[in-house]
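The following report describes one protein chain, from its overall confidence to selected local features. The sequence and coordinates are shown first.

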Amino acid sequence: MPRIAPDELLAIGFVARRSGTRVSALRYYEERGLIRAVRSEIGRRLFPRHTLRRLAVIAAGQRIGLSLEQISSTLSGVPADRAPTQREWTRISADWARLVAARIAELQALQNDLEGCIGCGCLSLGRCTLFNPSDAAASEGPGSRWVRSASAPTSTGQTKP
Ligand code: FES
């Protein structure tokens with residue numbers, strides 16, 4: 001890979017190859033304000049070199065399962081005209097570590113609930129915490145509508161998410 005001068009402006013194709021990000025994704029990130037380009041005289045997008053660092057941060061956030069909204073929120077604290085400093089990256093990664101820990105705790109609780117269902121099959125809205133966390137359905141009367149609404153097949157035979 002060629003060396004890039006600090007003030008060099010990079011074509012979108014180069015940024016895509018160098019960062020491993022699709023051109024369409026780069027355009028989308030720019031639309032969402034995650035990265036910023038300037039325009040050449042003929043209207044082509046040109047990205048400052050520090051965009052590669054911001055893209056690395058975006059890729060890291062996606063790798064740990066963060067949404068673009070979460071990543072965008074994080075990067076909103078870093079001015080768009082430069083890469084995150086080491087101190088900023090330390091703060092960002094510490095925030096993300098807390099989000100990952102919270103997600104792990106949620107998944108652990110879900111796994112515990114699911115293990116209680118193995119071999120049970122009751123699908124009880126009164127007893128099964130997987131279908132009815134904290135018995136939230138009790139206030140709406142009897143019936144299995146919650147389970148059906150979560151797993152009803154669509155007209156294409158797919159299950160709703
Ligand atoms: S299916 Fe019986 S407890 Fe979940």
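## Model and confidence

This is a predicted model. The pLDDT of the protein averages 83, and 81% of the residues score at least 70. Confidence is below 50 over residues 151–161, a stretch that has five contacts in the model beyond near neighbours in sequence.

## Overall architecture

The protein comprises six helices and three strands. Along the sequence these elements follow the pattern β-α-α-β-β-α-α-α-α.

Of the 161 residues in the protein, 14% are buried. Among contacts with a separation of 6 or more, 44% are between residues 24 or more positions apart.

The three strands form an open sheet in the order 1-3-2, with antiparallel pairing. Strand 1 (9–11) and strand 2 (38–39) are the edge strands, each pairing on one side only. Helix 1 (residues 12–19) packs on this sheet, where it touches strand 1 and strand 3, and its direction makes about 85° with that of strand 1.

Strand 1 pairs with strand 3 in the antiparallel sense through three bridges, and strand 2 is joined to strand 3 (residues 45–48), also antiparallel, by two bridges. Which residues stand opposite Leu-46 in strand 3? From strand 2 there is Val-38, and from strand 1 there is Ala-11. Strand 2 and strand 3 form a hairpin with five residues between them. Within the turn, Gly-43 has a positive phi of about 85°.

## The nonpolar core

The largest nonpolar core has 12 residues in all. Its members are Val-15, Leu-26, Tyr-29, Leu-34, Ile-35, Ala-37, Phe-47, Leu-55, Val-57, Ile-58, Ile-71 and Leu-75. Two or more residues come from each of helix 2 (23–31), helix 3 (51–63) and helix 4 (68–75). Which helix gives the most to this core? Helix 3 does, with three residues.

Val-57 belongs to this core. Leaving aside residues up to four places away in sequence, Val-57 touches Leu-75, Pro-84 and Ile-92.

## Helix 5

Gly-119, which follows the helix, has a positive phi, near 80°.

## Loop residues

Arg-22 is placed in the loop between helix 1 and helix 2. Arg-22 and Ile-12 are 10 residues apart along the chain, and their C-alpha atoms are separated by 9.5 Å.

The loop between helix 5 and helix 6 (145–151) contains Leu-123. Most residues other than glycine have a negative phi. Leu-123, although it is not a glycine, has a positive phi of about 50°. Leu-123 is partly exposed, with 13 other C-beta atoms within 10 Å.

Thr-129 also has its place in the loop between helix 5 and helix 6. Why is Thr-129 classed as partly exposed? There are 16 other C-beta atoms within 10 Å of its own, and this count lies between the limits of 12 or fewer for exposed and 20 or more for buried. Thr-129 is 13 residues from Gly-116 in sequence, with a C-alpha to C-alpha separation of 8.8 Å in space.

Methods:
Residues numbered from 1 in each chain as written. Predicted model: local features only at pLDDT ≥ 70, side-chain atom pairs only at ≥ 80, totals over all residues. Pairing = 2+ DSSP bridges. Helix = DSSP H or I, 4+ residues; strand = E, 2+ residues; numbered from the N terminus. Contact = placed C-beta atoms within 7 Å. Axes fitted to C-alpha atoms, helices over the stretch in contact; angles between N-to-C directions. Core = buried A, V, L, I, M, F, W, Y, C linked by C-beta atoms within 7 Å. pLDDT = per-residue confidence, 0-100.
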